[in-house]
Amino acid sequence: MKIQSIRCVQIRVPEGKPRPKPTRPPWSDEAEVANPMSKFPRYKRYRPSWLPDRWSSVWVQVTAEDGTYGLGMTSFGRACAAIIEDHFAPRLVGEECLAIEKCWDMMFRMSKPYGTVGIASSAISGVDLALWDLAGKLQRKPVYELLGGAARDRIFAYATGNDVDWQKEIGFRAVKLACPYGPTDGLRGLEENERLVARARETVGDEIEIMLDCYMAFDVEYTVRLAERLRRYRLKWMEEYLIPEDLDGHVAVRERIPWQTLATGEHMYTPFPFAFLAQRRAVDILQPDIHWVGGLTACRKICAIAEAAGLEVILHGGGLTQFGLHLTAAMPNTPWAEYWGPPPGIRPEDYTTPWGPAVMQDSCLFPTPGDGFGLQIEESWIEPFPM
Ligand SMILES: [Mg+2]
């Protein structure tokens, strides 16, 4: 069975019953989050002030000769859609639908003249996920069965976000805080960061794990100073403390704080930087994003690299979509999933969409049943992507 067409689309879900309103504004409405632009006063206060705001999600529809189609999802709007529609799509039409490794390798190599990382690897992700969805539909199996079958029947999910009282109330047993301050905030920032973690520990007690996400905001020195200051709060891990290109910096942090569990990877692309980190054991947990790193095919390679180094993979955002859950269900070394915690007052069962998050129970998730990624998307909701 050959690929007949590849196109970018958007999914318009019909209005359902209105979601309940949050009982207070979520932390993300107002909170300052340390980030790589924090050194520029004009953009320091609020992360969304510099992030691209006109780039929507991009869905990819790959259709086989018999009319069966698969759907994949990625980010970065028209820029990403242009790579898929103008470059990859016409050159993949006519390839075997099930030759996913070959198609991945073709996209990886086709993108060389302008670079495979970033938006190009997001474009690869969208096509790759659609091919996996199609493969599952053609073989009438969920993707986790194509990967060898479920390795676990429940996936432990942790909540991301600073509304830890609410996350505790709805049953999460691990929470991840966004760190507000970085090197430009000096000693006062260090103290405020400590206060945030101390308050969270006081709120959740000793039975719930706490992690700290640093969103590429620090340098080596700041990472070490903050980790030493926070040691008494027993962080499960510190995440993404350096800009992703500073691979040697990751080795330096590992050497200076060998006792701290370290995690990174959501802004790294293709398996190569993960192989670098694994070889040097510079982090303990690899966190690729299945929608950006190169899709499920790249994540599967990263899981194998991690396994050979005795490391774990916990997908960025992977608890939020069916795409990530299928990989996390199937691999031996993917113990947890990330879940962007619902705003205060909204329970996880009222926070689902047809492609995720899945329903969370007792801090655990599992993919919804169905062939491919089990996406509950009607054909009539699929519309052309506005270029
Ligand atoms: Mg993160």
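Predicted model: local features only at pLDDT ≥ 70, side-chain atom pairs only at ≥ 80, totals over all residues.

Residues are numbered from 1 along each chain as its sequence is written, and side-chain values use heavy atoms, with hydrogens and water left out.

Q: What makes up domain 1 and domain 2 of the protein chain?
A: Domain 1 takes in 3-10 + 19-140 + 379-384, and domain 2 is 146-365. The bounds come from an automatic or database domain assignment. The centres of the two domains, taken over C-alpha atoms, lie 21 Å apart. Domain 1 gives 45 residues to the contact and domain 2 gives 46 residues, where contact means heavy atoms within 4.5 Å.

Q: How much area is buried between domain 1 and domain 2?
A: About 3600 Å² is buried, and carbon and sulfur atoms give 65% of that area. Buried area is the accessible area (1.4 Å probe) that two parts lose on being put together, summed over both.

Q: Why is the pair Glu101 and Lys301 called a salt bridge?
A: The term requires a side-chain nitrogen of Lys or Arg within 4 Å of a carboxyl oxygen of Asp or Glu. For Glu101 and Lys301 the N to O distance is 2.8 Å, so the pair meets the rule. Across the interface of domain 1 and domain 2, the rule finds five salt bridges.

Q: Why is Thr297 called buried?
A: Buried means under 20% relative accessible area, exposed over 50%, and partly exposed in between (1.4 Å probe, protein chains only). Thr297 has 0% relative accessibility and therefore counts as buried. Thr297 is found in helix H11 (residues 295-308); helices (H or I, at least four residues) and strands (E, at least two) are DSSP runs, numbered from the N terminus.

Q: Which residues does Thr297 touch, not counting those up to four places away in sequence?
A: Thr297 touches Ile100, Glu101, Trp104, Asp128 and Trp132.

Q: Why is Gln61 called buried?
A: Gln61 has 6% relative accessibility, so Gln61 counts as buried. Gln61 is found in strand S2 (residues 58-64). Leaving aside neighbours within four places in sequence, Gln61 is in contact with residues including Ser5, Arg7, Tyr69 and Ile382.
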